[in-house]
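Hello,

Here is the structure for your files. My notes on it follow below.

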Amino acid sequence: MEGKLDLVFGLRNNRTIIKDVYYQPPLKASRGLYVTNPHDVTVYLMESSGGLVAGDTNRYAMQLEAGTHVTLHPQAATKVYPAFNGHPSTQQVQVTLEEAASLIWKREEVIPFAESSFRSHTRVDMKDNSSFYWEEILYPGREKRGETFTFDNCHTMLEVWVEDDCVVYDGLRFEPVKQTLKHIGVMGHYHYIASIWMIDQAKELDPEKWNYTENDHQVSTTRLRNAGYLVRFLSNDLPRTKNEMEAIYQSIFTKQEENL
């Protein structure tokens, strides 16, 4: 099965609208919602099949025209089912941000089931004055069923280009059969890995506040030259990770709305 969702956002009377949409099941988008700001649109991304089965592919293409402001919410986590036929499940995302466009992609969560195989590639092409905010969480599997790193492999890649400059090229490659994931330098004793990428030269984040280590939870912040920040979590406490990701989001964008 191949799902496809193409969205083009434009401006009408200084308000961001969905200008064009094309979808192929199981992917679909909600109508545009104006939640906190009448000029910014929020769209929920829906997947009706319940997850990716071996060989399935989901493709997303998001184009934001100049001056648009968009928030995308995946409706549910991406569940990856076993690859009994040997074919991986794949997800491809292409994002294009034109002048002064802003995209927030809320938590992209991936749950690879036992014996599953997953490939994900996200590419963002943006301008110097556009803004990109991306959240993601990778689960170890269905822990309540005793699945902890029992998938066959999981490869994810995020690349972000600002004009002709590649500012992010981040690949995660987990193959539990070939790797010992519990080693220091890989996952250590942690089960969840989560990331926040903020590519925006105008926004600031306090690195000292989000740099600490406790027994079951670790957070670190990296300044990406003058392009933005990466906040990465290694944790055994999923609710705490989600709460802190939301706190970072609120600290950045609530302050922005107050200054409008």
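Predicted model: local features only at pLDDT ≥ 70, side-chain atom pairs only at ≥ 80, totals over all residues.

Residues are numbered from 1 along each chain as its sequence is written, and side-chain values use heavy atoms, with hydrogens and water left out.

Salt bridges

The structure holds 17 salt bridges. The term means a side-chain nitrogen of Lys or Arg within 4 Å of a carboxyl oxygen of Asp or Glu.

Lys4 pairs with Asp6 at 3.8 Å, N to O. Lys4 is partly exposed at 25% relative accessibility. Partly exposed sits between buried (under 20% relative accessible area) and exposed (over 50%), with a 1.4 Å probe and protein chains only.

Arg142 and Glu147 form another bridge, at 2.6 Å, N to O. Arg142 is partly exposed at 23%. Glu147 is buried at 9%.

Glu214 bridges to Arg240 at 2.8 Å, N to O. Glu214 is in strand β15 (residues 212–214) and Arg240 in helix α1 (residues 238–258), so the pair ties together parts 26 residues apart in sequence. Helices (H or I, at least four residues) and strands (E, at least two) are DSSP runs, numbered from the N terminus.

A salt-bridge network links Lys106, Glu135 and Glu246.

Thr71

Thr71 lies in strand β6 (residues 69–74). Thr71 is buried, at 11% relative accessible area. Leaving aside neighbours within four places in sequence, Thr71 contacts (heavy atoms within 4.5 Å) Val41, Thr42, Val43, Ile104 and Lys106.

Best wishes
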